[in-house]
Amino acid sequence: MISKKMQEAINEQIKNEMYSAYLYLSMSAYCTKIDLKGFANWMRVQYQEEMFHAFKMYDYLLDQDGEVKLLAIDQPPHEFQSAENVFKTTLEHERKVTAMINNIMDLAVTEKDHATNIFMQWFVTEQIEEEATAKDILQQIKLAGATPQGLFLLDRELGQRVYTPPAATAAE
Ligand code: FEO
């Protein structure tokens, strides 16, 4: 069982995770447009990760006899000015998502909803990685991306990212 308030909060977060997916897919298209295919690949994998987050919450809500209510997803921006701005926007966005996850955690604590508390711990940990990765790549762009050669090498590195569903890894 899950409270109506918690159900609403998780439905809202399903939408937010889908918006994240939408945002990163839009960034992927932008990166392709500016000929950074490795960056585009990285963002496309990120899109898949965000969809995994959304489905993880969707499944949890159904497992708890809750009701999934899909909400309207906002249109993401499609102009990002530069690769550096793409990752600056990503880091800012992930910080907002961390605050959203923390709010759901706070609600779980207030409601003494132990199941949701345990479930949301995965996302709390995931957000540490999400922020650290975005920060790390932004830093690399600042250091190496100032020259065409540096940006080329970074693009090649980001092109190697492959989507691995978390369920198939030891972390799950
Ligand atoms: Fe679903 Fe990027 O956090």
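Buried means under 20% relative accessible area, and exposed means over 50%. Keep in mind that this is a predicted model.

**Exercise 1.** Work out which residues of helix 5 are buried, and where they lie around the axis.

*Solution.* Start with the list: in helix 5, residues 148-158, the buried ones are Gly150, Leu154, Asp155 and Leu158. They span an arc of only 135° around the axis, so they sit on the same side of helix 5. There's a handy rule behind this: an α-helix has 3.6 residues a turn, so residues three or four places apart point the same way.

**Exercise 2.** Find what the buried residues of helix 5 pack against, then describe how helix 2 and helix 5 pack.

*Solution.* The partners are helix 2 (37-63), helix 3 (83-110) and helix 4 (114-144). Next, zoom in on helix 2 and helix 5: their axes are 7 Å apart, at an angle of about 35°, and the crossing is left-handed. Helix 2 brings Lys37, Gly38, Phe39, Asn41 and Trp42 to this contact, while helix 5 brings Leu151, Leu154, Asp155 and Leu158. Sorted by class, that's five nonpolar, two polar and two charged residues.

**Exercise 3.** Decide how helix 2 runs relative to helix 3.

*Solution.* First, the geometry: the two axes of helix 2 and helix 3 come within 13 Å and cross at roughly 15°. Angles under 35 degrees count as roughly parallel, so helix 2 is roughly parallel to helix 3. Finally, the crossing of helix 2 and helix 3 is left-handed.

Note on methods. Residues are numbered from 1 along each chain as its sequence is written. This is a predicted model: local features need pLDDT of at least 70, side-chain atom pairs count only at pLDDT 80 or more; totals for chains, interfaces and linings use all residues. Side-chain values use heavy atoms; hydrogens and water are left out. Buried means under 20% relative accessible area, exposed over 50%, partly exposed in between (1.4 Å probe, protein chains only). Helices (H or I, at least four residues) and strands (E, at least two) are DSSP runs, numbered from the N terminus. The arc is that of the directions from the helix axis to the C-beta atoms. Contact means heavy atoms within 4.5 Å. Axes are lines fitted to C-alpha atoms, for helices over the stretch in contact, and angles run from 0 to 180 degrees between N-to-C directions. A crossing is left-handed if the near helix is turned anticlockwise from the far one by less than a right angle, and right-handed if clockwise. Ala, Val, Leu, Ile, Met, Phe, Trp, Tyr, Cys and Pro count as nonpolar, Asp, Glu, Lys and Arg as charged, and the others, Gly among them, as polar. Angles under 35 degrees count as roughly parallel, over 145 as roughly antiparallel, 65 to 115 as roughly perpendicular and the rest as oblique.
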